[in-house]
Structures are given as C-alpha cells and as structure tokens.
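Here is a short tour of one model, taken a few spots at a time. Please keep the sequence and the 3D view open as you read.

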Amino acid sequence: MFNVIPLLGIPVIVYAVLVIFTGGEPSAAAALMDNTVFQVPLVSGPWGMKVGDLLIIFALIMMFIELVKSAGTGTATIINHGLSMAVFVIAMALFLLVGRFGTSVFFLITMMALMDTVAGFVVTIVAARRDLAVGGE
C-alpha cells in the first residue's frame, strides 16, 4: 500500500489546508508562506526559516522517497506513476486557475511533482530495459 500512494500529494494537501485557512485573498496565501517560523543567530547575521521554506523542504524529502520507490518495476510502481501524474495535473491546474495557489512555493511543489512523474517513468523504463537485457542476447 505504501508503494502506491504518491507522497508528493501530501505537500500539495498541506499547502491547500494552510491556504484554505488564510481566507479568500491570493495575497494572504503569499503572506502566510512568508511568515518566519524561527530564526537562528549566525555570525553573518540572523537566518530565518519561513513557512514556505519548511514546506519546500518537506516536499523535497517526499520527492527523494518517491525517487527511491520508483526503482521498482512491479504493478504497484506503475500505479504509483499514474497517480503521481494525477498529482502533477491537479497541482498544475490549481497553480494556473486558483489565485491562492499562484505562489512561488506552490510552483516549486508543482515542479517537484513534474520531476517525480518524469523521473519515475524514466527510471522504470531503464530498469525494465536492464531486466530484458539480462534475460536475452
């Protein structure tokens, strides 16, 4: 079951939940993503981590796990690739059509969903070619 669920759907859902609670204005979503969660004092000056930064880091971790999962060639992997494509299409539609999703944070999450979809298909095709090359001459 874990192999079938596209994990990049989780950051999309988290973003949607955060944006829904901000209200109706697109600028409110951008302002929410710009809120500083914590700051660390450095010699070079204070370094702050924003809500959008944390969401992007979370999405990068999910993307890494997805890429590791895509090395398989089973039925669950193929279903995962199809669902990953659905996540990308939904994220792209939200980015293009819904004002609150038109932020650079959501754009980067959408691009991660695209890279997950493309990389998943490429890795599966390469793995399947190797399996065929080992079996015959």
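## A threonine in α4

T77 has a relative accessibility of 9%, so this residue counts as buried, the cut-off being under 20%. This is a predicted model, and T77 sits in its helix α4, which covers residues 75-97. Leaving aside residues up to four places away in sequence, T77 touches K69, S70, G72 and T124.

## α1 against α3

Now turn to helix α1, residues 9-20, and helix α3, residues 51-69. Their axes come within 9 Å and cross at roughly 160°. Angles over 145 degrees count as roughly antiparallel, so α1 is roughly antiparallel to α3.

Which residues of α1 and α3 meet? From α1 come I10, P11, V14, Y15 and L18, and from α3 come V51, L55, F58, A59 and M62. By class, the contact of α1 with α3 holds 10 nonpolar residues, with no polar and no charged ones.

## α1 against α2

Helix α2, residues 26-33, is another partner of α1. The axes of α1 and α2 come within 9 Å and cross at roughly 115°. The crossing in which α1 passes α2 is right-handed.

Here α1 brings Y15, L18 and V19 to the contact, while α2 brings A29, L32 and M33. The contact of α1 with α2 divides into 6 nonpolar residues, no polar and no charged.

## Aromatic pairs

How many aromatic pairs does the model have? The count comes to 5. One of them joins F38 and W47, whose rings lie 6.3 Å apart centre to centre with 80° between the planes, an edge-to-face pair. Are these two residues buried, exposed or in between? F38 is partly exposed at 36% relative accessibility, and W47 is partly exposed too, with a relative accessible area of 40%.

F101 and F106 form another pair, with ring centres 5.0 Å apart. Their planes stand at 70°, so this pair is edge-to-face. Both F101 and F106 are buried, whereas F38 is partly exposed.

Y15 returns here as well: ring pairs link Y15, F101 and F106 into a cluster.

Terms used. Residues are numbered from 1 along each chain as its sequence is written. This is a predicted model: local features need pLDDT of at least 70, side-chain atom pairs count only at pLDDT 80 or more; totals for chains, interfaces and linings use all residues. Side-chain values use heavy atoms; hydrogens and water are left out. Axes are lines fitted to C-alpha atoms, for helices over the stretch in contact, and angles run from 0 to 180 degrees between N-to-C directions. Helices (H or I, at least four residues) and strands (E, at least two) are DSSP runs, numbered from the N terminus. Angles under 35 degrees count as roughly parallel, over 145 as roughly antiparallel, 65 to 115 as roughly perpendicular and the rest as oblique. Contact means heavy atoms within 4.5 Å. Ala, Val, Leu, Ile, Met, Phe, Trp, Tyr, Cys and Pro count as nonpolar, Asp, Glu, Lys and Arg as charged, and the others, Gly among them, as polar. A crossing is left-handed if the near helix is turned anticlockwise from the far one by less than a right angle, and right-handed if clockwise. Rings of Phe, Tyr and Trp (its six-membered ring) pair if their centres lie within 6.5 Å; planes under 30 degrees apart count as stacked, over 60 as edge-to-face and the rest as tilted. Buried means under 20% relative accessible area, exposed over 50%, partly exposed in between (1.4 Å probe, protein chains only).
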